[in-house]
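Biologist: Could you take me through this structure? I would like to begin with the strand pairing and then turn to the core and the charged pairs.

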Amino acid sequence: AFMSMDLGGEGVTTVMQRPANPVSVKRMEIDPYKGVAFWMADGVIESCTLSGKYFQTNMSAPGVSVRSITLDLQERRVYYVGTLNQSTSLFSMDYIGGGHRTHFSLPQMRSVYGLSLLGGMLYWVNYADVKDVLYKAPVNLTSRDRVQVLTPIEKAVWHMKLVHQDIQKEPGEDPCRSISCSHICVSNATSAQCSCPKGMQLNLDEITCSDAPTVSNVKTTITPATPKKTASGKTFNYHGCFEFGYFILMHLNHIMHNITLQKCVNYCEKLASTYAGISDNYCFCGLELGEISKRGDHLCNTPCPDDSHSTCGGEFLMSIYEIQGNSPFVNETDVRFLLSHNAGVIQYSGSHINTPTLLMVTANWSFSIDCHLARNLLFTFSGNKIVRTTLGPKATIAAGMPTVVSEVSHCDGFAVDWVADRIYWMDCSRTMNTVKVMDLEGGNLATVMERSLEPARVRRMVIDPHKRILFWMADGIIESYSLNTKKFQTSVSGEAVNVRALTLDLEAKRLFFVGTMDSAVSLMSVNYTGGEHKEHMRSTYMMNVYGIGLYNNHVYWVNYIGMRDILLRAPLQPNGNESVQIIKSIDRAVWDFRLVHPKLQTGSSKDPCRTKGCSHICMPLSLYSAVCTCPKTMSLRADRLTCADGLISAEVVSLTILIVLVVGLISLTMAYFTDKYWSYLQLKLFSVPYTRTRDNQQADSVTPAYDTTEDDVRLI
């Protein structure tokens, strides 16, 4: 909660209850003249008016991990130090998160503890080597300028504040007081200009407003204004002025800054968004507006830089424009998107993208999910159990309750083999990771492979049921195991680290995954052995990905943006963020995502175990052959199909007979050669005249005396 009290510690009140999950909040800066406070929350900047009415999150530049902040009250800008792509820089923005600038990057800012501004100079404390150091540099540092070391500090510094009377000085007089706008005045720290409400236009004196021309019923030479068009020719219209608060930011997503209205609308059109929101020069795109508060149009009084007759928001307000006929599109209506969350699984379809369908209800988090289209079954890992239900929609919560397939250990990686009707999963313990298998009902449990490395945190698992190869993520890298060749391979993902999601292209026989390469988050692919590495796209919209899927030369994924999970898509050969489309904002906190289409699961009729006739466990060797096995307490009969207790298997009997015959033959051979050649060997090895054999042995024969005085004599 955002709190306040007087200087004596009395009168404690709650200004605002922060409308989000609790976070680690550090540092706070306040502009008492504009009535707004800023703070750092888990590495991003948030703000709230001192009235508690307007709250804004994720104000800092996307991807930047913020370490310290300060304010310039005169220019009404927020300055902050943050890390982006392993480079630490000084950034700044205006009070509503627009007008972003990158000032400079310095290694002397990697461990900053406090930041202050005075007279165009920046002061900060940074931990260098074994002590803290106070530095100074111009805000607009160039190659000709020098970073000054003011003094080393013997103490371990936690925070730094610069104190000077000019820092807390009230900004100058509002420039709007010097001009007499007839309707609306828009100002910054140094200048002001007049603007007009909707339906009016600014006259040539640039001070007064008059009604905009309209078409009358009589003949007139005045023609209606040309409708505003996007780059592709779609019409977009002004939708209204809305509060720049929590609810609207839950449905609209930061896209870019330093743009014009036309660029913002064109960009949102590419993202297949219905709405384009602009405030000052910062752009937002989204599919819905959600629970918001509409304000009077006259309050959105900031003219757009490229169109003075259109407004681009106001103070803590946003102008919303609706793009006619623009909505997310999916080429195939049979495409479905399965999403697991904290209470089950929901589904969106390509034909009804705005309407979620309930598929399953769970008492715990539903982690990884998979399905079997031919049998119309949905599986998920929840509460240390693999559970299942039908894949169809559920009308009630009771109908969505699943049945337990099997209890498993806490590893959320499992895969459904829709060809052989099997479920594979990684059984995790403190000492070993083990791949296990069972049928779709939880029976015929067997161990497939014991992972030979140290136990790892295994997440997600996918299978190519035709090639019979399993892939999974283990501590940020990808590993694989061939069910045919029994070969285990680690580091299939190559030099990529921090792998976040994976999926398969069965037709191309390639593994696609999102991971970090060269400090950038990318979509990459390799063949099944880790070769032929390709990088398909780099996008900041993949930094917090929860599941990916492939279909029709596009990649689909869910990513956490701002305070919301977003379903996105892009072509496999995109142009970075420019080609990303927003499909849907998700109301739930998503944990896993699966794209489902009949073309993605083919060949489900080929199961050699269906005709094998095993009494207990059937292990497919390929699409056409299988073998029967038994549990540990049982043995396979001679028919190689059935199991029974207390029986010695045919293989054990055959092996035992073979061993007895071989041992007997070796014994007879050794006895013959020992009797025939023993005397000769003694004579050669020890130079002893010992020639007695079994045929001429006499009862009174004397045992030969061996010479043991030689140090180099050895008995072999």
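**Hairpins, cores and salt bridges**

Modeller: In the hairpin formed by E39 and E40, with two residues between the strands, Asp475 has a positive phi near 55 degrees. Strands (E, at least two residues) and helices (H or I, at least four) are DSSP runs numbered from the N terminus. This is a predicted model, in which local features need pLDDT of at least 70 and side-chain atom pairs count only at pLDDT 80 or more, while totals for chains, interfaces and linings use all residues. Residues are numbered from 1 along each chain as its sequence is written, and side-chain values use heavy atoms, with hydrogens and water left out.

Biologist: How many bridges join E39 to E40?

Modeller: Six bridges join strand E39 (residues 469-474) to E40, and the two run antiparallel. Two strands count as paired if DSSP finds at least two bridges between them. Met473 stands opposite Ile478 in E40.

Biologist: And which residue stands opposite Phe488 in E41?

Modeller: That is Tyr481. E40 and E41 are antiparallel and joined by two bridges. Their hairpin has five residues between the strands, and there Lys486 takes a positive phi near 60 degrees.

Biologist: Where else is there a positive phi near 60 degrees in a residue other than glycine?

Modeller: Arg27 has one, and Arg27 belongs to strand E3 (residues 25-31). Most residues other than glycine have a negative phi.

Biologist: Why is E40 described as largely enclosed?

Modeller: Five of its six residues are buried, so E40 is largely enclosed by the rest of the structure. Buried means under 20% relative accessible area, exposed means over 50%, and partly exposed lies in between (1.4 Å probe, protein chains only).

Biologist: Now the largest nonpolar core. Which residues touch the most other members?

Modeller: Of its 41 residues, Leu261, Leu523, Met537, Ile548, Val555, Trp557 and Val580 do. A nonpolar core is a set of buried Ala, Val, Leu, Ile, Met, Phe, Trp, Tyr and Cys residues joined through side-chain atoms within 4.5 Å. Helix H2 (residues 261-270) gives the largest share of this core, five residues. Domain 3 (241-323) and domain 4 (336-600) both contribute residues, so the core lies between them. The domain bounds come from an automatic or database domain assignment.

Biologist: What does Val580 touch?

Modeller: Leaving out residues up to four places away in sequence, Val580 touches Lys270, Leu271, Met537, Ser539, Tyr541, Trp557, Leu568, Arg569 and Ala570. Contact here means heavy atoms within 4.5 Å. A second, separate core has 20 residues, among them Cys428 and Met461.

Biologist: On to charges. How many salt bridges does the structure hold?

Modeller: It holds eleven, each defined as a side-chain nitrogen of Lys or Arg within 4 Å of a carboxyl oxygen of Asp or Glu. One of them joins Asp421 and Arg375 at 2.7 Å, N to O. These two residues are 46 apart and link distant parts of the chain.

Biologist: Is Asp421 buried or exposed?

Modeller: Asp421 is buried, with a relative accessible area of 6%, whereas Arg375 counts as partly exposed at 40%.

Biologist: What about the pair Arg388 and Glu441?

Modeller: Their side chains meet in a salt bridge at 3.6 Å, N to O. Arg388 lies in strand E32 (residues 385-390) and Glu441 in the loop between strand E36 (433-439) and strand E37 (446-450), so the pair ties together parts 53 residues apart in sequence. Glu441 counts as exposed, at 54% relative accessibility.
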